[in-house]
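Morning, everyone. I have one structure to show you today. Please have a look at it before I start talking.

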Amino acid sequence: MNDVIHTVTDGLMGFGNINGTGVHIKIGASPVQSDEPIIITSARKLQYMTKYLGLSPLRDAVMDSVENGAARIICIPVNPSAQGEVRALDPTVSDNSGTITINGKPNNRFDIIVRITGRGVLNTASFKYSINGGHTYSEELTVPLSGEFELPDTGTKIAFALDGAQEYEINDTYRWQTTAPRLTNEDVMKGVNLIKAIKQEAELVHIVGACGADTWAMVSAMQTELQVQYHKPLMFVLEAFEKGADESMDDYTAALKAARKLVKNYQIQVVAARMLYAGMDGLGRDTNAAGVVCGLYGRTAVNRSIGETAAASLSEDKVLKLLPEADDDYIDSMDEMGYLTLRQYDGLKGYYINNARVLGPEDTDYGYAEDVRVLNKIIRETRKEALMQLQSDIDMEKPVADLKVKAQFIKAPLDRMVTDREISSVEINIPDDAAETVLMEGRLRLEIRYVQRGIIRNIEIDVGKRNPYAS
């Protein structure tokens, strides 16, 4: 029946998650110039993201994060030093066919196919195109009389050319691969340095785009600087370098193993999983899973694993297949090295995070992202409470009582974490010489010890028959 219907869109002001939990910073290649970070909330539409981030790897990663649970993203667009390139693959055409070339600067990674569907020349022949390797095709189009056709959303143009009596034949097929604009180490350093001035709280930083171990090591050093000098405990999510076209899986895993030795920092997570992913814009993209991973962090409590099968399934309508296609042995090998990978389970639909591994040293207490996220939240929350106790005084005739009160104020957010089941228990200890240290040095030393929540990573079930008549 006719009526007036109201829909309330919440979250447009971006006020959610002001304590930083689930909020992440994203640094990526974009043509957009901005002196300030760009805030994207889950209420924003695709058109808004495109307007403020451009058709770029940064926008695509934001899309993947938002549709997988991120409520608030602080975006730092960086004009990339390395532009996208086009590489032509051998066409499959008849002897008398014309040529088709691609011009422009691709704004992302695409596998482009142009297939002739109707015989003829300019203004009579027809064609379809795909930018995702043939997973989906456009509607049938007529070859323009001008010979030029802009491929929407790619930054490139098709140029049709015929010589003399040439004409296009049905099923003539032309192929290209493009690379996305990428950030150099200098670009990454520029983006990370901008974090120093950001006052809003966040818990993660995603560097968009594949990068090598030299970048991981550089980011690891910058992460330490941000935490120690700028009091910003941030876990960095990086994307592993890709497997070469002619590289075997054995050689690729060997390269990952060698790279792993260069980083021993549990605040660094490297996502090795790639996939053909159906994005929010309806296009299938060969992409690293880091954007999806950051989205899962946005909707998952700090103590929970994003690999929890009951809560974090990725639909097969979204993850179309894993890339490169490899057996479980390689996935397990990368997981054991400390990389984040995707997997499937026999008996379950969809795709899942294998383990949210991080690149800590061998003897670390913090081998998984859920360990690091809990630790970083404890640091963030106790710092805020401890700052409120700076320059306060204590009664030196009864110092223990005063110090216990101050310690309880600092411990209060951790008690809430116990109530919220983010940690199992916590205690705060005051050293015996604390009063003397305050009097002589003006320094209060406290010790916090907490018990984490447990994670079930494997289940073993013994099944056997029972004889109901046995004594």
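This is a predicted model: local features need pLDDT of at least 70, side-chain atom pairs count only at pLDDT 80 or more; totals for chains, interfaces and linings use all residues.

Let's start with strand 13, residues 235-239. Is this strand buried or exposed? 5 of its 5 residues are buried, so the rest of the structure largely encloses it. In a regular strand, side chains alternate between the two faces of the sheet. Look at both sides here. M235, V237 and E239 are buried on one face of strand 13. F236 and L238 are buried on the other. Both faces are covered.

Now, which strands pair with strand 13? One is strand 12, residues 204-210. It runs parallel to strand 13, with 4 bridges between the two. Find V205 on your screens; it sits opposite F236 of strand 13. How does the chain get from strand 12 to strand 13? It passes through helix 4, residues 213-230. That β-α-β crossover is right-handed.

Strand 14, residues 268-271, is another partner. Again the pairing with strand 13 is parallel, and again there are 4 bridges. Here V237 faces Q269 of strand 14.

Next, the salt bridges. How many are there in the whole structure? The search finds 23. I'll pick out a few.

Take E169 and R119. Their side chains form a salt bridge, at 3.5 Å from N to O. What does this pair tie together? E169 is in the loop between strand 10 (156-161) and strand 11 (173-178). R119 is in the loop between strand 6 (110-118) and strand 7 (126-130). So the pair links parts that lie 50 residues apart in sequence. R119 counts as exposed, at 52% relative accessibility.

Move on to E325 and K321. They make a salt bridge, with the closest N and O atoms 3.4 Å apart. E325 is exposed, at 63% relative accessible area. K321 is partly exposed, at 34%.

Then there is E447 with R449, another salt bridge, where the closest N and O atoms are 3.4 Å apart.

Last item: a network. Salt bridges link R59, D60, D64, D281 and R285.

That's my tour. Over to you.

Definitions and conventions: Residues are numbered from 1 along each chain as its sequence is written. Side-chain values use heavy atoms; hydrogens and water are left out. A salt bridge is a side-chain nitrogen of Lys or Arg within 4 Å of a carboxyl oxygen of Asp or Glu. Buried means under 20% relative accessible area, exposed over 50%, partly exposed in between (1.4 Å probe, protein chains only). Two strands pair if DSSP finds at least two bridges between them. A crossover is right-handed if, with the strands pointing away from the viewer, the path from the first strand over the helix to the second runs clockwise.
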